[in-house]
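Subject: Structure handover

Hi,

Here is the structure for you to look over. My notes on it follow below.

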Amino acid sequence: MIGLGTLVNSAAIVLGGMAGLFFGNLLKERVQDTLNMACGVSVLFIGIAGAMEGMLSIDGGLITSGRAMPVVICLALGALVGEWLDLDRRFEDLGRWLRDKTGNARDTGFVNGFVTASLTVCIGAMAIVGAIEDGLTGDWSILATKAVLDLIIVMVMTCSLGKGCIFSAVPVFAFEGVITFLASAIKPLMTDGALSGLSLIGSVLIFCVGLNLIWGKKVRVANLLPAVLFAAAAGILFPGIF
């Protein structure tokens, strides 16, 4: 069944969020704060691992780094477009709309939880590749793997950030659903270079999410999201740049 992967992924996020909400209510505030730090550190290292995989290589037995220039250019261009569109504010507006429509108007942490969890589970090559495979062949195994990872991530986040994390299922459902529907058109564009660029820049943005989890909102990550599109475009136009 085409589209089943998106449904499974979204359901896993809701399930993980519900479990996190239940366990989070049993934890003292001090424990929740420590758990939030642990979650932030984990997200930092997930981002670091993905970025280093894309930037480091072994040459003659030595570890060398590269691709710094395209990373800087993509992030700079993405920041300019993201600030112009003010994506961060729009993302928060969506969170506030969901908060009010779901009867959680008094939950002061709802929007932060929603934005943080959404950016963590939406960014990455697995969502795009998995949705394309699901749309073209009905193979949702990649999204099933992502669903397990997202369930754990959202469960931990919900324990410390609250029920807003559960509603990250909404952008995931919309994002993966659209890609599944347009899979035949998107598939030719997802070259190895495009996927490498998308994965590398996505990992950098996930690292920024970890920064915000630990030190408060220091980076407007949503305003950097266009960088992912610039990275994919660069990978298509200049094979080997990533």
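There are 3 aromatic pairs in the structure. Rings of Phe, Tyr and Trp (its six-membered ring) count as a pair if their centres lie within 6.5 Å; planes under 30 degrees apart are stacked, over 60 edge-to-face, and the rest tilted. Phe22 is exposed, at 51% relative accessibility. Phe23 is partly exposed, at 44%. Here buried means under 20% relative accessible area, exposed over 50%, and partly exposed in between, with a 1.4 Å probe and protein chains only.

Phe110 and Phe167 make another aromatic pair, a tilted one, with 5.2 Å centre to centre and 45° between the planes. That pair links distant parts of the chain, 57 residues apart. Phe110 sits in helix 5 (residues 110-122). Phe167 lies in the loop between helix 7 (141-161) and helix 8 (169-181). Phe110 is buried, at 0% relative accessibility. Phe167 is partly exposed, at 22%.

Before you read on: this is a predicted model, in which local features need pLDDT of at least 70 and side-chain atom pairs count only at pLDDT 80 or more, while totals for chains, interfaces and linings use all residues. Residues are numbered from 1 along each chain as its sequence is written, and side-chain values use heavy atoms, with hydrogens and water left out.

Next, the cysteines. How many disulfides does a search of the whole structure find? The search finds 0, where a disulfide is a pair of cysteine sulfur atoms within 2.5 Å. Cys39 is in no disulfide, and its nearest cysteine sulfur, that of Cys165, is 8.0 Å away. That distance is too far for a bond. Both residues are buried: Cys39 has a relative accessible area of 6%, and Cys165 has 0%.

Last, helix 10 (residues 192-215). Helices are DSSP runs (H or I, at least four residues), strands are runs of E of at least two, and both are numbered from the N terminus. Helix 10 has 24 residues and should span 34 Å at 1.5 Å a residue. The expected span is 1.5 Å times one less than the number of residues. The end C-alpha atoms of helix 10 are 35 Å apart, which agrees. Helix 10 is mostly covered, with 18 of its 24 residues buried. Gly216 follows helix 10, with a positive phi near 80°.

Best wishes
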